[in-house]
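This briefing covers a structure with several chains. Please have the sequence and the 3D view at hand while reading.

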Amino acid sequence: MKSIIRNVLPAEALPSYRLRLADALPWLVALGAFFMFDTYMSLGAQILIMVIFGISLDLALGFAGINTLGHAAFFGVGAYAAGYYSLHVSAEPLSGLLVAALAAGVIGLLSGWLLLRTNGLALLMLTMVTTVVLHEVANTWRDVTGGADGLSGIETSPLLGTFAFDLYGKTAYLYALAVLFVVFIAMRVIVNSPFGLAIRGIRENSKRMLLVGTPVHAKLILAYTLSAAIAGIAGALSAEITRTVGLDLLSFQLSGNILIMLIIGGVGRLYGAFIGIPLYMLLLDRAAAIDPFHWMFFVGIALILLVRFAPGGLLALAQQLRQRLVLRLTTPVKENK
Amino acid sequence: MTLASPMVDAAAVATTAVVMLETRGLCKRYGAIEVTRNVDLCIERGARHALIGPNGAGKTTFVNLVTGVTEPSAGSIYLGGREVTSASAQKRVAAGLARTFQINTLFADLTVAENIAIALSQRLGLAWKLWGRPAAHAEVVEQAAALLEQLGLLTLAARRVNALAYGQRRMLEIAIALALKPQVLLLDEPAAGIPNGESGMILDLLERLPADIAILFIEHDMNLVFRFAKKITVLVEGAVLVEGKPDDIRADERVRNVYLGRRHD
Amino acid sequence: MFSRFVVSCISLLFDGLAFGMVLFLISIGMSITMGVMRVVNLAHCGFAMIGGYLAFMLMTQAHLPFAAAVPLAVLGTMLLGALLERTVYAWIYAQSELGQVLMTIGLTFVMIATANAMFGSTVQNIPVPAALHGTYQLGAISLPVYRLFLIAVSCVCAAGIWYVLERTQVGAKLRAAVDNVRMAACIGMNVKAFFGITFAIGCGFAGLGGALGADMFPLEPYYALNYLVLVLIVVSVGGLGSIKGTLIAALTLGMIDTLGRYFVPGAGGLVIYLATLVLLLLRPQGLYGKKMS
């Protein structure tokens, strides 16, 4: 049946993200890091958490074209939900992830329903203000969120009853890696689906989508909600692994940071987060030890140059370089007279 | 027939309504400026109806009103006999209305086949499915291939829209509308921007459009108009000046004065 | 006769007024450039910071008096703004909204890092001249002279801007450009030069706000980011390109912020942000902004 379908249209007429050998690379690198850099596991887990967060933003921004400056809202809500759940209900980590996904998803649904009627500058502003509102709410609602002190002393029971969280963060790292793997698979499935095609259509030309009979607003809300839920999972991981939740997880700065990290890697390309985020965080880790302001200077310059000359991020640059290399290697060499 | 259900086939409609699109007293005002004045229009199944008029006559505004992009100030719109005046653009498409734009409104970064697949996927009710590649859905692939072959675009199926020639993009614009299997098709200047020598593709396509679709097209290219139209409505300053068969319009003194100019005999 | 409560209230309102007026000075440039050039310019607060640091530098290192340092600082900010407008912003204009956000954030980072390299990360104070020290007694109420001076200068600026916009040809051109840039270009307006001058003037006002308002808006490298959210709210609530809107929004925000900080810390922010959210949802163009189609 499949071969009959494939012959009717030319190859790559309906492209999708197919599995290639190179797809195993990031996971091999991540596992390699586990064995080779076992003293850096807490940084490693942080990076993995941010990659999950970056993937969630990519779904909203890169694939659905939703310009948002407020994604930290969902990360923070997920973190606080998981933290509260762990402190007051159960320290079981996997159900904590579900609770966080649910909480963040609900906030995503509500805010998406309200905000996604607008676009452009108004949407940027509204998403930013939503994050700031939630930040203030968390600041004031001491009983639940701990106010400015945040939540601390969060317990995380052993994973699946057997894998206890050790002091070196090894279990945490593998836990985060496993969650990242599941999230990534889910992301690939969604992006490759007819729904994924539809939201890319909305990103490209929402006017056309409307006149093709698409309920644009409803589709955007679903994409936004899914994205929020994934961000919530990332936040929950942060709460469970670092055992604390602070107001900085609900900040405009975090929204800005994840946006910058994702852009550096490249939006709308599935692997942009895998490249941009680890690179940024590793460099930041080194630079912060020396002088954080020097780091800011270079990030600033890099951003300006990147947006101007390489808007698709490092991933697009790499693809262009590869294409040029392939071209050079396959064109016959001219004879010198 | 519920507005949300996929296209009803033409045979079933034939027994219920011959008039596919109707507007009654349609008006649009922006402040004190009347852009559309009391337009009554009636389009039957299988119609080849041209809407002509000088620049600024309100033709595109009329199409925007009919498709639901703009809200009318007064009047009503009927699709297949049912009132759609307050229905959203999306619901009208689901009810059998499709349009093309004067300026290419395509998905620039996607391939030709993907452009069609989006419309097909929406019509076939697949667009909410969160799994399964479009290329793995037989209906999508087969119908996309069939449509593209009919339009001579099959070999371009894997090319991105921004790598297409202008004429090819115009064809794709119509292809997307056809993928929706509409009962009423609104074409906004299908040959816009195409030099006379290359308009053969479009003319050919227009001639091959299914006979039972009701077509309303806006055009400035008079050759195209007089070749295809079986009925012409002349719009001037937002109001209908005259309506009738092509020969009558050609001979009409008022139309000549306002629009065609004395040279056209 | 006056109860202590009323006295403190009036004092607070006065402080809120001063805060709001400085906020107005800082924000007005952003409102106009975003309204005219349709550029999302998140680096705008950086120009306020530059004005403050320039004034500081002129007073502490060149030993210029306050009355000379502030105008020169404003001039310097304007020149820098004009220079950047011709160079970096030429790239920024060509970008999508998101691209503009990212580029201007990048520019802000560069400004912050440069400020830190030149002046260190501690808060710098701009010495206030002796003539503006002390308080003015209005019955039982003490009004700091410097704040009075601030309010006076801001009012003069606001009046001046209003006059130029409403009563002069240049102003008419600017309002035309806010309304429809392409049309304005078609009727012969030199859009490039106009943009450049408008941008520079906007930066000038920001610089003035930064230089004068240093006691309420402390001068340190992160200045450029600290007040960004507040200024963005003022500008979007007031409506892009509207003087009246910016003034009303700035004053209202200033009052709420100051009163809130005194009575219920934290709640002030919440009130502002929630109100902004509701307003922008109901009226995305702000109070007096142009409705976007």
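The model is predicted. Chain A touches chain C through 33 residues on each side, and 39 residues of chain B are in contact with 30 residues of chain A. Within chain B there is an open sheet of six strands with mixed pairing.

**Contact of chain A with chain C**

- The contact takes 33 residues from chain A and 33 residues from chain C.
- On the side of chain A, the elements that give two or more residues are helix 6 (120–140), helix 12 (252–265) and helix 14 (292–309) of chain A.
- Helix 6 of chain A supplies the largest share of that side, with 15 residues.
- Sorted by class, the side of chain A that touches chain C has 22 nonpolar, nine polar and two charged residues.

**Contact of chain B with chain A**

- Here 39 residues of chain B meet 30 residues of chain A.
- Helix 3 (89–94), helix 4 and helix 5 of chain B are the elements that give two or more residues to the side of chain B.
- The largest share of that side comes from helix 4 of chain B, which gives seven residues.
- The side of chain B that touches chain A divides into 26 nonpolar, seven polar and six charged residues.

**Helix 9 of chain A**

- Helix 9 (residues 194–204) of chain A is largely enclosed by the rest of the structure, because ten of its eleven residues are buried.
- The buried residues are A:Pro194, A:Phe195, A:Gly196, A:Leu197, A:Ala198, A:Ile199, A:Arg200, A:Gly201, A:Ile202 and A:Arg203.
- Within chain A, these buried residues pack against helix 3 (41–63), helix 8 (170–192), helix 10 (206–210) and helix 11 (216–242).
- They also pack against helix 4 of chain B.

**Helix 4 and helix 5 of chain B**

- The axes of helix 4 (residues 112–123) of chain B and helix 5 (residues 138–150) of chain B come within 9 Å and cross at roughly 120 degrees.
- The two helices of chain B, helix 4 and helix 5, are therefore oblique to each other.
- Their crossing is right-handed.
- From helix 4 of chain B, the residues in this contact are B:Val112, B:Ala113, B:Ile116, B:Ala117, B:Leu120 and B:Ser121.
- Helix 5 of chain B meets them with B:Val140, B:Gln143, B:Ala144, B:Leu147 and B:Leu148.
- By class, this contact has nine nonpolar, two polar and no charged residues.

**Six-stranded sheet of chain B**

- The strand order in this open sheet is 6-7-8-3-9-10.
- Strand 6 (97–100) and strand 10 of chain B are the edge strands, and each pairs on one side only.
- Ignoring direction, neighbouring strands of this sheet are turned by 20 degrees against each other on average.
- Strand 7 and strand 8 (residues 214–218) of chain B pair in the parallel sense over five bridges, and B:Leu186 stands opposite B:Leu216 in strand 8.
- Helix 2 (residues 59–67) of chain B packs on the sheet, touching strand 3 (48–52), strand 6, strand 7, strand 8 and strand 9 of chain B.
- The direction of helix 2 of chain B makes about 150 degrees with that of strand 7 of chain B.
- Helix 6 of chain B lies across strand 6 and strand 7 of chain B and runs at about 175 degrees to strand 6 of chain B.

**Other strand pairs of chain B**

- Strand 1 (residues 19–30) and strand 4 (residues 74–79) of chain B pair in the antiparallel sense over five bridges.
- In strand 4 of chain B, B:Ala74 stands opposite B:Cys27.
- Strand 4 of chain B and strand 5 (residues 82–83) of chain B run antiparallel and are joined by two bridges.
- The bridge partner of B:Tyr78 in strand 5 of chain B is B:Glu83.
- The hairpin of strand 4 and strand 5 of chain B has two residues between the strands, and B:Gly80 there takes a positive phi near 60 degrees.

**Two non-glycine residues with positive phi**

- B:Lys181 has a positive phi near 45 degrees.
- B:Lys181 lies in the loop between helix 6 (166–179) and strand 7 (184–188) of chain B.
- B:Lys181 is buried because 20 other C-beta atoms are within 10 Å.
- B:Glu237 has a positive phi near 50 degrees.
- B:Glu237 lies in the loop between strand 9 (231–236) and strand 10 (239–244) of chain B.
- B:Glu237 counts as partly exposed because it has 15 C-beta neighbours inside 10 Å.

Conventions
Residues are numbered from 1 along each chain as its sequence is written. Chains are lettered from A and ligands numbered from 1 in the order in which they are written. This is a predicted model: local features need pLDDT of at least 70, side-chain atom pairs count only at pLDDT 80 or more; totals for chains, interfaces and linings use all residues. Two residues are in contact if their C-beta atoms, placed from the backbone, lie within 7 Å. Helices (H or I, at least four residues) and strands (E, at least two) are DSSP runs, numbered from the N terminus. Ala, Val, Leu, Ile, Met, Phe, Trp, Tyr, Cys and Pro count as nonpolar, Asp, Glu, Lys and Arg as charged, and the others, Gly among them, as polar. Axes are lines fitted to C-alpha atoms, for helices over the stretch in contact, and angles run from 0 to 180 degrees between N-to-C directions. Angles under 35 degrees count as roughly parallel, over 145 as roughly antiparallel, 65 to 115 as roughly perpendicular and the rest as oblique. A crossing is left-handed if the near helix is turned anticlockwise from the far one by less than a right angle, and right-handed if clockwise. Two strands pair if DSSP finds at least two bridges between them. A residue is buried if 20 or more other C-beta atoms lie within 10 Å of its own, exposed if 12 or fewer, and partly exposed in between; C-beta atoms are placed from the backbone.
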